[in-house]
Amino acid sequence: MENRSQWGTRLGFLLAAMGSAIGLGNIWRFPATAYENGGGAFFLPYLFALLTAGIPILIMEYTIGHKLRGSAPKSFNKMNKGFEWIGWWQVAISFVISTYYAVIIAWALMFAWYAIGLDWGSDTQGFFLSDFLNMADPGVFGDMVPKILIPLLLVWVIVLGVLSRGVKKGIEIANKVFIPTLVVLFLIIVIRAITLEGAVNGLDTFFKPDWSRIADGSVWIAAYGQIFFSLSIAFAIMITYSSYLPKKSDITNNAFITGFANSSFELLAGIGVFAALGFMASQVSTPVTEIVDGGIILAFVVFPEIINQMPLAPFFGFLFFASLVLAGLSSLISISETYVASVSEKFNISRTAAVVFGGGLAALISLAYATQGGLVLLDTVDHFIMSYGVALAGLFEVVAIAWFFKGLKDLQNHANEVSDIKLGLWWRVCLGVITPAVLGYMMIQNLSTELT
Ligand code: PFF
Ligand code: NA
């Protein structure tokens, strides 16, 4: 199988990798996480996590894919037969995430539509939880919420359609359209947000550093957790994507570009979100600190409320939810590609067959979140995936490669052959010592908060 698919251009690969990285995590996870963990002071642990774990792991995953030219299970198998399961573990996590990520994108699609008529009215919380998700009805897990079925189907048709067209004609083209569009839409939103009344107050709240938090271990865990999720590392994605790189590709350079692009987008989102919160605070005369939220509630309850108060509300509402859709789709494409690639390689079936089986199964399972109990289920699954799945996947990966297989030196030589920025001892220390220590600590902390 040496006629492996390849990216058409370096930019194509970079946009796909950025497309995977830039997602809902940047828009609604980062701003709240930073705010809750020291505001401006959070940038210190965040930057530290980016440089000691984020980019070093990204370099490692790019090197693994580029050198071994396989999806995650196959690449791990080529390093050592006993490691294949680590690849499958990562693929399994991606599979589970894809089942609920798709549902959130479907919601965003519906809300882009609702924005045009500001259909959510003035009680945005009631609209989202009761009218939209039907959560108040009896039979919590039983009944489907029919209005979500068509957008959900549409999401899967787009994603699986793109994947079935392959790497160059599908994934690459989709990202070449989605990512530049996303950046333009998002810039318009952020510029609008920072020129609204009260924006400065919101930004003040966001950036005001609380240095006393720096000594708190949980702040550092939050920083590393954010970096892992945000850069899509330890999800089998970056290994898969880099396995389609042409032989002559600079690895370390690409990793630094991906890492900094993702963080820039994250910072931009933080500015946009807090400027908007500052505006809202000024409209309802409440302190910003009382309306800060993250995640699903920020996007589907707080933002509609902010949009209601803005001039040209339908226009900016549409742009906001369209951005969520684009950011989400490019990430969902990457998560789903992990199982499409692994299944087709493992069982020697065509890409199309793998898309139908793997994607079809994921789509079917995603229906569970389209029930009245969907949001509760989603929160529960997401909690376990984030607290254990990801940290364990990263821990297995670095410990296996750095300690058992002692493979870092080989990977380092491989990367240095093709890259401008040379790896050295610093890189091996980040992966062999710092990352396992942090991830191990993270696991213990998460487990002990679970048990208390
Ligand atoms: N990196 C994406 C984000 O920041 O939103 C999310 C993500 C994509 C996480 C793909 C996991 C994943 F497998
Ligand atoms: Na991200």
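Predicted model: local features only at pLDDT ≥ 70, side-chain atom pairs only at ≥ 80, totals over all residues.
## Surroundings of ligand 1

Ligand 1 is surrounded by 16 residues, of which G23, G25, F235, S331 and I335 are the closest. By type, the shell around ligand 1 consists of seven nonpolar and nine polar residues, with no charged ones.

Several helices contribute to this shell. At least two residues each come from α1 (10-21), α2 (24-36), α5 (84-117), α10 (217-230) and α14 (313-346).

## The largest nonpolar core

The largest nonpolar core contains 153 residues, and the members that touch the most others are I59, I105 and Y224. Helix α5 provides the largest share of this core, namely 18 residues.

The contacts of I105 can be listed individually. Apart from neighbours within four places in sequence, I105 is in contact with V155, V325, G328, L329 and L332.

## Helix α7

Helix α7 comprises 16 residues, 149-164. At 1.5 Å a residue, α7 should span 22 Å, and this agrees with its end C-alpha atoms, which are 22 Å apart.

The buried residues of α7 are P151, L152, V155, W156, V159, L160, V162 and L163. Viewed down the helix axis, the buried residues of α7 fall within an arc of 155 degrees, and therefore they line one face of the helix. The elements covering them include α5, α8 (167-194), α14 and α15 (351-366).

On the face of α7 turned away from the buried side are the exposed residues I150 and V157. Just after α7, G166 adopts a positive phi of about 95 degrees.

Note on methods. Residues numbered from 1 in each chain as written. Chains lettered and ligands numbered in written order. Near = placed C-beta within 6 Å. Helix = DSSP H or I, 4+ residues; strand = E, 2+ residues; numbered from the N terminus. Nonpolar A, V, L, I, M, F, W, Y, C, P; charged D, E, K, R; others polar. Core = buried A, V, L, I, M, F, W, Y, C linked by C-beta atoms within 7 Å. Buried ≥ 20, exposed ≤ 12 C-beta atoms within 10 Å, placed from the backbone. Contact = placed C-beta atoms within 7 Å. Expected span 1.5 Å × (residues − 1). Arc of directions from axis to C-beta.
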